[in-house]
Amino acid sequence: MLTGLKGEDPLDLLDADDEHESLNDPLLQDEGAADPATVVDTVTELFKSMPTYHKLLLSILESCIEKQRISVVIESIDEVLRNNFSVYKAARFCELLEQAGALLKVTEEGTQYADAKAQPILVEEDGLEYFKANEPPEAFWVTTEEGRRFLEADDPLERFRDNLENERVYHPIFTQILLLCSNEKGRSIEELGDALDDDPILQKPRMYARRFVEILERCDALTWDKGWKTTGIGQLGLEEIERYDKNG
Amino acid sequence: MTKMAKKMRAVRSKALLTAEQQELINLIEQRAATYGLLSRFYYKEVDQDFLNELKEARYPANTGNPSVDKGYLLIVTYLSNIWENSLNELAVDFVKTFIGSGSDAYSAAFPFESVHTSERRLLMQDARDEVLAQYRRAGLAKQSLWKESEDHISAELEYMFILCNRTVEALSKGDEDEAYSLLVSQLDFLTDHLYAWTPMLTSEMRRFAQTDFYQGLAWLTDGFLETDFEFLEDIFREE
């Protein structure tokens, strides 16, 4: 029988001589037939509001092009989060994508999961009827049409170019970071700080290498794998910077 | 006179049969368990251990009280559909239902008696002073780590849980006078406090809660307190 009170009770016994002094003491949305254009906007908004998780969110959409067991998706997100502390639980990322309209929870047959609600089991014990919780039907995530469109439209190099435009004065810093991180082991943030934090460009306004690492990570030019490493996009990014600076 | 009233008369006349006494003890133990369970529901968000316990439990299907039945059914239906993010979903709903994000006194179902019984929906009003005095008389104080006020519904439900357990203890020792006195205290506390204000709370819970889980809790609270009030009234009703 449940008591629900395993050391989690608000009241306590008063000691006999301790009479009075011891008393001192992102929202769910309704589902509906949303306008596809609005859905894409909502997905875009979600990605904009979570810039540090851009890559992770995209990888979820990508992995669910074919419907995928929720447990498998969660496992792969947990794997990514192993090296990236997050206040969000793996399932929360999927829920946020679902709320934005980019993911849909479906059954094994591909029908909407919301329509497949499990009902409790009625059991009889000692002549009395009881309800017991049922096992929920197996759930899968699948990327929606809008999610696919967003995924296809995403261009990390374009995001890299946007950042170049906004950060012209810091191009040498981006270049140095991408070159330093092009080795096999990658670089720690401390190593990058030692190499760059005294650079005259970063003195006024005072900035640190960490900021630029974050920007590069958001456009997939850097990735963390026991060290910051330059990705393929990062290598293309180096060429972009060179071309950009040459052409003004 | 009902069966239960006869049993209590027997307690008072100190002529209780052992089997009847045991039946009464069992009934009061069940009441204690339900008070304990309800207290936990309102105490804080559901954690993994509590969710596992709820998932494994069985819930009466036909108690005779439609609100209790509806409450259990909603809760067990929610439990039949939990998934990886249910704990987070329940935590969000707990906050939306009982804490809210608005700045006025109407933005959530605030689980404090003072809010529902004071003119301007304020905390720490007369109701809190009254229940505090009752806890002290019973030798109880709030846990120092718990920062809510004493008229929080979880504390009031736990007070009933403790009184029920003390009644069981008294009956088991054959102390009928003490058991009688404790049952009187329970009826008084329900009449003056818990049963007097919780319908206002549960009505607001139905407005704010978004999950079947907390919707069910509102119905279960209503139905159980109604049933328990009738049970206690029945005991003391004159022929």
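Two strands are said to pair if DSSP finds at least two bridges between them, and strands (E, at least two residues) and helices (H or I, at least four) are DSSP runs numbered from the N terminus. In this predicted model, A:Phe131 stands opposite B:Tyr59 in β1(B). The strands concerned are β5(A) and β1(B), residues 58–60 of chain B, which pair in the antiparallel sense over three bridges.

Local features here need pLDDT of at least 70, side-chain atom pairs count only at pLDDT 80 or more, and totals for chains, interfaces and linings use all residues. Residues are numbered from 1 along each chain as its sequence is written, chains are lettered from A and ligands numbered from 1 in the order in which they are written, and side-chain values use heavy atoms, with hydrogens and water left out.

**The interface of chain A and chain B**

The size of an interface is often given as the accessible area lost when the parts come together. The table gives this value and others.

| Item | Value |
|---|---|
| Residues in contact (heavy atoms within 4.5 Å) | 42 residues of chain A, 53 residues of chain B |
| Buried area (accessible area lost, 1.4 Å probe, summed over both parts) | about 4500 Å², 59% of it on carbon and sulfur atoms |
| Salt bridges (side-chain nitrogen of Lys or Arg within 4 Å of a carboxyl oxygen of Asp or Glu) | three salt bridges |

One of the salt bridges joins B:Arg58 to A:Glu125, with the closest N and O atoms 2.2 Å apart. On chain A, the elements β1 (11–13), α3 (70–81), α4 (90–100), β4 (121–125) and β5 (128–132) each supply at least two residues of the side that touches chain B. The largest share of that side, four residues, comes from β5(A).

Terms used
Buried area = accessible area lost by both parts, 1.4 Å probe.
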